Amino acid sequence: MEKNRNLIETCLIKIADNDCSDSFRILYNHYYNRLFQQALYYLNNNPDYAQEVVSDVFIALWQSRKILKNVNDPDAYCFIALKHAAARYVGKNFREKHELLTENLPDIHIEDNGVDSELIDKELREKYNEALNNLPPRCAEVFRLVREERKKYSEVAEILGISPKTVDNQMNKAVKLLYMQLKDNLIIFFF
């Protein structure tokens, strides 16, 4: 077990420092099946959805590879990334459709039991809250209602007395601004 952990940590460093595709292939082979099985659970055993979400995680890992050498717990990092990717996938693809049940999707506000994942989640939550507090007030309010309270655009429009198009515009603005502030941690926040 310790040998695998050292191998994966070495791979992360090689990926981050040297863009090493062979090390990325080792990382992929090490995690793919486990991430796929967990994604199946989150997405009600739909292999197409699970494959798409796991692919998104690996694409984001590669795109964010320069920060991988700072990862202390690769298992926690990958599974937290999967958790966020699944939540985002459900929110993005099934907001209006109710064909995908979300009962198996983890609550991203609940901390994992491991000490490392608790620290990761706490640190990331602080960065997220700080970035959210830097948004313009109306923009932050719309973002919180849609993303944190899981309200539909039409509900938010009614609550705030604005049009659904304004809600959409505010959400786009919020995502762009949050992206700029959190792009180094994009894999965790939005996946």
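Tutor: Residues are numbered from 1 along each chain as its sequence is written. In this predicted model, local features need pLDDT of at least 70, side-chain atom pairs count only at pLDDT 80 or more, totals for chains, interfaces and linings use all residues, and side-chain values use heavy atoms, with hydrogens and water left out.

Student: Why is the pair of Phe-24 and Phe-58 called edge-to-face?

Tutor: Rings of Phe, Tyr and Trp (its six-membered ring) pair if their centres lie within 6.5 Å; planes under 30 degrees apart are stacked, over 60 edge-to-face and the rest tilted. The centres of Phe-24 and Phe-58 are 6.2 Å apart and the planes stand at 90°, so this pair is edge-to-face.

Student: What makes Phe-24 count as buried or exposed?

Tutor: Buried means under 20% relative accessible area, exposed over 50%, and partly exposed in between (1.4 Å probe, protein chains only). Phe-24 has 15% relative accessibility and therefore counts as buried. Trp-62, at 27%, counts as partly exposed.

Student: Which residues make the contact of α6 with α7?

Tutor: Contact means heavy atoms within 4.5 Å. From α6 come Arg-138, Glu-141, Val-142, Leu-145 and Val-146, and from α7 come Tyr-153, Val-156 and Leu-160.

Conventions: Helices (H or I, at least four residues) and strands (E, at least two) are DSSP runs, numbered from the N terminus.
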